[in-house]
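Here is a short briefing to read alongside the model.

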Amino acid sequence: MAEEAHYWTITIKEPRHGTTSPTPGEYEVPEGSRFDITAIPDEGYELDCWEVNGEYYGDEETISLEPYEDLVVEAFFVEKTPVSYTHLRAHETEADLVCRL
C-alpha cells in the first residue's frame, strides 16, 4: 500500500500596490514539490522584498518554495523612485574645465 503524500498550506497574503501570480489565497502543496510565486507590481511600483513566515526571503521577482511546513508569504511593493537626470553644461576657461548643474 502506497503512503499518502503530506500536504502543506501556502498562504499568499493580499499585498498593497500589486498582486501575485498565483493570486493571493491558500494553496495545498504536496511536500517535496516546488511552488513558484511571481510578484506583479501596480503601475508606478516595484517589488521591495518577500517575507515568508515573517522572515526576509529575497527581492527576486519570482520565488520558488519547497514547503516542509505551512508557509505565509507576503510581497512588499514600494513606489518607484523617479529617475532624474542632471544635465551638465561644460565650458573651458583659461584651460580649466568647469561643469555647472
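Beyond its neighbours within four places in sequence, Thr9 is in contact with Glu26, Tyr27, Glu28, Asp70 and Leu71. The model is predicted, so please read every contact here as a computed one. Thr9 sits in strand β1, which spans residues 7–12.

**Thr9 and its surroundings**
- Thr9 counts as buried because its relative accessible area of 17% is under the 20% cut-off.
- One of the contacts of Thr9 is Tyr27, and Tyr27 is partly exposed at a relative accessible area of 23%.

**The aromatic pair**
- There is one aromatic pair in the structure.
- The ring centres of Tyr27 and Phe35 lie 5.5 Å apart, and their planes meet at 45 degrees, so this pair is classed as tilted.

**The largest nonpolar core**
- The largest nonpolar core has 16 residues, and the members that touch the most others are Ile10, Ile37, Trp50, Leu65 and Val73.
- At least two residues of this core come from each of β1, β4 (35–41), β5 (45–52), β7 (62–65) and β8 (71–79).
- In soluble globular proteins, nonpolar side chains tend to be buried together.

**Ile37 up close**
- Setting aside neighbours within four places in sequence, Ile37 is in contact with core members including Ile10, Trp50, Leu65 and Val73.
- The contacts of Ile37 also include Ile12, Thr20, Ser21, Pro22, Glu61, Thr62 and Ile63.

Terms used. Residues are numbered from 1 along each chain as its sequence is written. This is a predicted model: local features need pLDDT of at least 70, side-chain atom pairs count only at pLDDT 80 or more; totals for chains, interfaces and linings use all residues. Side-chain values use heavy atoms; hydrogens and water are left out. Helices (H or I, at least four residues) and strands (E, at least two) are DSSP runs, numbered from the N terminus. Buried means under 20% relative accessible area, exposed over 50%, partly exposed in between (1.4 Å probe, protein chains only). Contact means heavy atoms within 4.5 Å. Rings of Phe, Tyr and Trp (its six-membered ring) pair if their centres lie within 6.5 Å; planes under 30 degrees apart count as stacked, over 60 as edge-to-face and the rest as tilted. A nonpolar core is a set of buried Ala, Val, Leu, Ile, Met, Phe, Trp, Tyr and Cys residues joined through side-chain atoms within 4.5 Å.
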